[in-house]
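Me: I have a chain to go through. Can we take it by question and answer?

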Amino acid sequence: ANTRALREVTLKDNKLGDRGVVALAEALKTNATLESIDLSGNGVGPVGGTALAEALELNSTLTSLNCRGNDIGQGAAAIAEALKVNTVLKKLNIGRNGLGDAADLLKEAVKDKAGFRLEV
């Protein structure tokens, strides 16, 4: 195992926006070492949320994702769908995102995942 691999990234309050998160999500699809990422307060909208969902469907190492304080909104519905197939994520903080009905979809998606920590 590569002990020098990057395991945690904090990009809090970096104004990444959708464009930056779409690029990051593309990398997450194939990254095999990152376990935790903090994207809180980055102005991420539904487009970025949907890109993160696509990454979560493929990523097999990320256990913690913090998206608090963005504007993901209905992009969270795509994340809820991804959580149905993702087996490794254990913690998702997606509070303060204007989720609306998508909050219920997220809760439903993780209700049978033992020990899953969801903050909406």
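Reply: Here are the ground rules, then the questions. This is a predicted model, in which local features need pLDDT of at least 70, side-chain atom pairs count only at pLDDT 80 or more, and totals for chains, interfaces and linings use all residues. Residues are numbered from 1 along each chain as its sequence is written, and side-chain values use heavy atoms, with hydrogens and water left out.

Me: Which residues of helix H3 are buried?
Reply: Helices (H or I, at least four residues) and strands (E, at least two) are DSSP runs, numbered from the N terminus. Buried means under 20% relative accessible area, exposed over 50%, partly exposed in between (1.4 Å probe, protein chains only). H3 spans residues 75–85, and its buried residues are Gly75, Ala76, Ile79, Ala80, Ala82 and Leu83.

Me: What do the buried residues of H3 pack against?
Reply: Contact means heavy atoms within 4.5 Å. The partners of H3's buried residues are helix H2 (46–58), strand S4 (91–93) and helix H4 (102–110).

Me: How do H2 and H3 run relative to each other?
Reply: Axes are lines fitted to C-alpha atoms, for helices over the stretch in contact, and angles run from 0 to 180 degrees between N-to-C directions. The H2 and H3 axes come within 7 Å and cross at roughly 5 degrees. Angles under 35 degrees count as roughly parallel, over 145 as roughly antiparallel, 65 to 115 as roughly perpendicular and the rest as oblique. H2 and H3 are therefore roughly parallel.

Me: How many residues in the contact of H3 with H4 are nonpolar, polar and charged?
Reply: H3 and H4 pack at about 5 degrees, with axes 8 Å apart. The H3 side is Ala76, Ala77, Ile79, Ala80, Leu83 and Lys84, and the H4 side is Ala102, Leu105, Leu106, Ala109 and Val110. Ala, Val, Leu, Ile, Met, Phe, Trp, Tyr, Cys and Pro count as nonpolar, Asp, Glu, Lys and Arg as charged, and the others, Gly among them, as polar. The contact of H3 with H4 divides into ten nonpolar, no polar and one charged.

Me: Which residues of H1 meet H2?
Reply: Helix H1 covers residues 17–28, and its axis comes within 8 Å of the H2 axis, crossing at roughly 5 degrees. That makes H1 roughly parallel to H2. H2 brings Pro46, Val47, Gly48, Ala51, Leu52 and Ala55, and the H1 residues are Asp18, Val21, Val22, Ala25 and Leu28.

Me: Which residues touch the most other members of the largest nonpolar core?
Reply: A nonpolar core is a set of buried Ala, Val, Leu, Ile, Met, Phe, Trp, Tyr and Cys residues joined through side-chain atoms within 4.5 Å. The largest has 32 residues, and those touching the most other members are Leu65, Ile79, Leu83, Leu89, Leu92, Ile94 and Leu106.

Me: What does Ile79 touch?
Reply: Ile79 is one of the buried residues of H3. Leaving out residues up to four places away in sequence, Ile79 touches Gly49, Ala53, Leu56, Ile72, Leu92, Ile94 and Leu106.

Me: Is Asn70 buried or exposed?
Reply: Asn70 sits in the loop between strand S3 (64–66) and H3. Among its contacts beyond four places in sequence are Leu39, Arg96 and Asn97. With a relative accessible area of 9%, Asn70 is buried.

Me: What is the phi of Lys15?
Reply: Most residues other than glycine have a negative phi. Lys15 lies in the loop between S1 and H1. Lys15 is not a glycine, yet its phi is positive, at about 55 degrees.
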